[in-house]
Amino acid sequence: WRWRCSGQHPRRCLVYGNSFGLLLIQNGELMIEIVGIRFKSVGKVYYFAPGDICATVGDRAIVETIRGIECGEVVIANRQIDDSEINSPLKPIIRLATSEDIKIVEKNKIKEQEAFKICEEKIAFRKLNMNLVDVECTFDNNKLLFYFTAESRVDFRELVKDLAAVFRTRIELRQIGVRDEAKILGGLGICGRQFCCKGHMGEFQPVSIKMAKEQGLSLNPTKISGTCGRLMCCLKHEHEAYEDLLKITPKVGAVVTLPDGIKGIVEEANLITGKLKIKPEKSDVPVYFDRNEVKLIRDAEIRVNRDELKALKGLEG
C-alpha cells in the first residue's frame with residue numbers, strides 16, 4: 001500500500017504495474033491511470049500511460065504513436081479509469097514538451113506550408129486528378145503525410161518519388177472522404193455556425209436517412225445534407241431527444257381513440273409541439289388534438305422505402 005497523486009487528491013490504494021501501465025485496485029475494481037492526449041484542435045482523444053509524469057490540461061507532451069514520435073496537447077489530466085475501457089496496452093508518455101520541443105513544432109508547421117505548395121506544383125506537373133487538402137509532419141521529421149481527395153483511384157507512385165527526392169524523408173499519401181475534408185478545412189453550415197465536425201466533434205458519428213425521417217424532416221437532399229454533401233451531423237446530435245418524443249407521440253398511420261370515443265388515423269404528427277392531425281372514422285374532415293388528448297390503440301412504424309433509399313443514395317457515406 002502507498003500514497004499516489006491521481007491528479008486530483010492523494011488516495012490510498014493497492015498499486016502495481018503491467019503492460020498497460022500503472023494499475024490499482026480501488027473498491028474491488030481494477031483501475032488504470034491514463035492521460036488523454038489530442039493531436040489536432042478538434043480530434044480524437046488517445047490514452048497514454050503517464051508513468052511518473054503528473055500532467056495538467058493544456059500541457060504539451062511528447063509521445064510515440066503508430067505514425068512516429070508526435071507532440072500532442074493534454075486534454076485529460078492523470079485519471080483512473082476501469083481497465084475494461086482499454087483495448088490494447090498503453091504507450092508511455094516520453095516527456096512533457098520543453099521549450100525546444102515547441103520550437104520544433106513551430107518549424108514543422110512552416111515545413112508543412114512549404115510542402116503543401118511544392119506538392120501542388122508536383123500534382124500540376126504530373127497532371128493528376130486530385131485535390132490536396134492538408135499536409136502533416138511528424139514531430140521527429142521522420143514522415144510527411146499528404147491528405148487529398150479525388151473522384152476515383154489515383155496512381156501517385158511517381159508523385160511520391162518526386163516528393164521523396166525533395167524532402168528526403170518518408171512520404172505517405174492518404175485519400176480521404178468529403179467529410180474528412182470538411183473537418184480539416186472548416187466552414188459555416190446552413191445554420192450560420194461553424195461546422196460541427198470542425199468545432200467540437202472529435203469523431204464522426206453514423207447518421208442515417210431513417211433518423212431524418214423519424215425527425216419529420218423533408219427527405220430533400222438539399223435540406224438534410226451539409227456542405228460536404230453528406231447527411232448533417234446535427235441529425236445525430238438531436239436524435240436522442242426525438243427518440244424520447246417518439247415514445248410518447250403516435251406516429252403517422254397510428255390508430256387512436258379521440259376524446260369522444262371515435263377512432264381515427266393519424267395523418268400528421270408534430271413531435272415538437274405534440275399536435276396531431278387525425279382523420280376520424282366515417283369522416284373526411286380532419287381534426288386536431290394534442291397527443292395527451294388521444295388514446296393510442298395501435299402505433300405505426302417509421303420505415304424508409306426503397307425509392308427513398310435510391311433517391312438519397314450516397315448521403316449516408
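Modeller: The second largest pocket holds about 350 Å³ of space, a volume being what is filled by probe spheres set on grid points joined across faces, edges and corners. Of its 20 lining residues, Phe195, Cys196, Gly226, Met232 and Cys233 are the closest to its centre. This is a predicted model, in which local features need pLDDT of at least 70 and side-chain atom pairs 80 or more, while totals for chains, interfaces and linings use all residues. Numbering runs from 1 along each chain as its sequence is written, and side-chain values use heavy atoms, without hydrogens and water.

Colleague: What makes a space a pocket, and a residue part of its lining?

Modeller: A pocket is an open set of points, on a 1 Å grid over the protein atoms alone, where a 1.4 Å probe fits, with protein on both sides within 12 Å along at least five of seven lines; lining residues have an atom within 4 Å of a point. For the second largest pocket, H3 and helix H4 (196-199) each supply at least two such residues.

Colleague: Which residues of helix H2 are called buried?

Modeller: Leu159, Asp162, Leu163 and Phe167 of H2 (157-167) are, so each has under 20% relative accessible area, whereas exposed means over 50% (1.4 Å probe, protein chains only).

Colleague: How do you know on which side of H2 they lie?

Modeller: They cover an arc of only 115° around the axis, so they share one side of H2; the arc is that of directions from the helix axis to the C-beta atoms. Arg157 and Lys161 are exposed on the other side.

Key:
Helix = DSSP H or I, 4+ residues; strand = E, 2+ residues; numbered from the N terminus.
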